[in-house]
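Visitor: I'm new to looking at proteins like this. Please take me through one, feature by feature.

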Amino acid sequence: MADAQTLTPIDPGGANHLPAPILGGRLAPLTQFVRQPAVQRALPAIAMTSAIGIAALAYFTMQAAPQAQLFAGLDDADKAAVAEALQAQGIGHSIDSSTGALTVDADKLHQARIALAGQGLPKAAPSGDSLIAALPMGSSRAIEGEALRSAREADLSRTIETIDAVKSARVHVAAAEPSLFVRDDKPATASVMLTLQNGRSLSDGQVQAIRFLVASSVPGMNADQVSVIDQRGALLSDTASGSDMKAFQLQLQVEDRFRRALDTLLGPMLGAGNYTVEVHADVDMSESQATRESFPENDRAMTSEQITRSVSGTSAAAVGIPGALANQPPQATTITAEGPQPAPANAPAPGTESNENAARAYEVGREISVTHSPQGKLRRVSVAVALNQGKKALTQADLTKIDALVKGAIGFDAARGDLVAINQRPFVAVEDSSPPFYDQGWFLPLVKQVGAILAALLAFLFIGRPMIRAAKQRAAARIEQNQALEESLLAATDRPALASGSNNREITLEMIEAAPSYEARANLVRAFVRQDSARAALVVRHLMQEGARA
């Protein structure tokens, strides 16, 4: 037994020893922990988890934290105060170099706003209600009017800022004092200054809606009296209401309709890229209205008739002034030789006078004609079609058929001077002027994603796989060491060695006590239990009883 206890085990590979002696044995507990079988079996999983963690760390390191704009429409003074407050609170922030917006991390947005609200920042423009509430008692009429105007401007600005494309808005209203004379009244006018979001623009309909919004909020204001400009100084309201722009937009719509019709017609016949179409439409934007009133020549009708008759007799003696011709009696009636003529039935009796007056009213016919010519009348259409000649040129008959199709598609009218020109020529290849792929917006994010994946693969190849391979080598060396140690111990104690198969050798308690390491002792204990389980149970019971007595 003395020889067995003084025997030094052989460790040819040095698999159970780490280069810790240079540290004075400080890593001995860590070495013993790593040598445990459970830890050795878990090393591949630990290596894989470490590789995945390193890859994830590399990915999130390369990805920038998402930023969120803190407040929109801050002036430089407010930005300086907000930046100083954020720095005092320990909240990181950045300023966008292109827009000048103050941004923070998206997950700290609400925290930053709450911290700034506690300090009364930012000092934004007050609302209309606050301006009216701050009006001092006993103010003059002029001050009250200016305060109400400022409140209206502030409320209009806040309303316009709710549009997605608008970052900030300023409204200025100019209204003259009301006059007692109607001819001296001047309509109110307004100016709207818009600061648009980066890369955003407003359509003509949105600009027109802003004008109607302002005009409807101010009494006596017309939408034509509202001017809208952007931060670059461009007058947006001119393009939204100018008659020339309306005519140009109508012309573009007509030309686009004709162009789509020709593309639909010629595309299936000639193929994409084998033709080009250009359309010019001359649109008449003038509007006229004429009213004509005429009287037909033979179109009249009698509406009323009044006839008055008067009869006076001459049988009375003549009276009057003697010698006057008017007082002479009428001459006697003479009878001709032809015989007496029959008197008419209503003829007055001889010696009497009759007068007849007639008044008749006629209604004359009248015709009123109104002619109205609306805007947008098409005066002339010009179409030019260029065909790709290719290897085989089209015949004149084919060109004639295409010409007829084009004329039918645009509603050709020779009376108004429409023109259709069709020509075929070989097309020249146009070089692609698009930017290179590395300047595209998708390239940089793709490089980051691929870089993160490569970093994960490299971490697995150069860190994970060597650790797994080293763990396997240590496990194999430990098995060889245990076998060699077991054989050396059994040989030193003159006991038959425990071997696999039918040649089983006896394990004693002295061999277990003489084992130099935890692994060797554990292996011998397992072999002892398999060899004599009843005796092992007695030993364990004995140890438990001794521990209880102690």
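**Reading the model**

Guide: Let's start with serine 304, which is partly exposed, with a relative accessible area of 40%. Buried means under 20%, exposed means over 50%, and partly exposed is in between (1.4 Å probe, protein chains only). Before we go on: this is a predicted model, where local features need pLDDT of at least 70 and side-chain atom pairs count only at pLDDT 80 or more, while totals for chains, interfaces and linings use all residues. Residues are numbered from 1 along each chain as its sequence is written, and side-chain values use heavy atoms, leaving out hydrogens and water.

Visitor: Where is the place of serine 304, and what is it in contact with?

Guide: Serine 304 belongs to strand β9, residues 300-313. Helices (H or I, at least four residues) and strands (E, at least two) are DSSP runs, numbered from the N terminus. Contact means heavy atoms within 4.5 Å. Setting aside neighbours within four places in sequence, serine 304 is in contact with Ala359, Arg360 and Ala361. Look at tyrosine 362 too: it is 58 residues from serine 304 along the chain, yet their C-alpha atoms are separated by 7.2 Å.

Visitor: How many helices and strands are in the chain, and how much of it is buried?

Guide: You can find 15 helices and 13 strands. Of the chain's 550 residues, 23% count as buried.

Visitor: How many residues does the largest nonpolar core have?

Guide: A nonpolar core is a set of buried Ala, Val, Leu, Ile, Met, Phe, Trp, Tyr and Cys residues joined through side-chain atoms within 4.5 Å. The largest here has 23 residues, and Ile160, Val192, Leu194, Leu202 and Met221 have the most contacts inside it. At least two residues of this core come from each of α7 (141-160), β4 (166-174), β5 (188-196), α8 (204-217) and β6 (221-229). β5 gives the most, with five residues. Now zoom in on methionine 221: not counting residues up to four places away in sequence, it touches Val173, Ala188, Thr189, Ala190, Val214, Ala215 and Val226. There's also a second, separate core of 19 residues, with Leu262, Leu266, Ala281 and Val420 among them.

Visitor: How many salt bridges does the structure hold?

Guide: Here's the idea: side chains of opposite charge can pair when their charged atoms come close. We call it a salt bridge when a side-chain nitrogen of Lys or Arg is within 4 Å of a carboxyl oxygen of Asp or Glu. The structure holds nine. In one of them, the side chains of arginine 379 and aspartate 282 meet at 3.2 Å, N to O. That pair links distant parts of the chain, since arginine 379 is in strand β12 (residues 377-388) and aspartate 282 in strand β7 (residues 275-284), 97 residues apart.

Visitor: Which residue forms a salt bridge with arginine 149?

Guide: Glutamate 146 does, with the closest N and O atoms 2.4 Å apart. Arginine 149 is partly exposed at 25% relative accessibility, and glutamate 146 is partly exposed at 42%.

Visitor: Is aspartate 418 buried or exposed?

Guide: Aspartate 418 counts as buried, at 7% relative accessibility. Its salt bridge partner is arginine 416, with the closest N and O atoms 2.7 Å apart, and arginine 416 is partly exposed at 26%. Salt bridges can share partners too: that is how Glu146, Arg149 and Glu153 are joined into one network.
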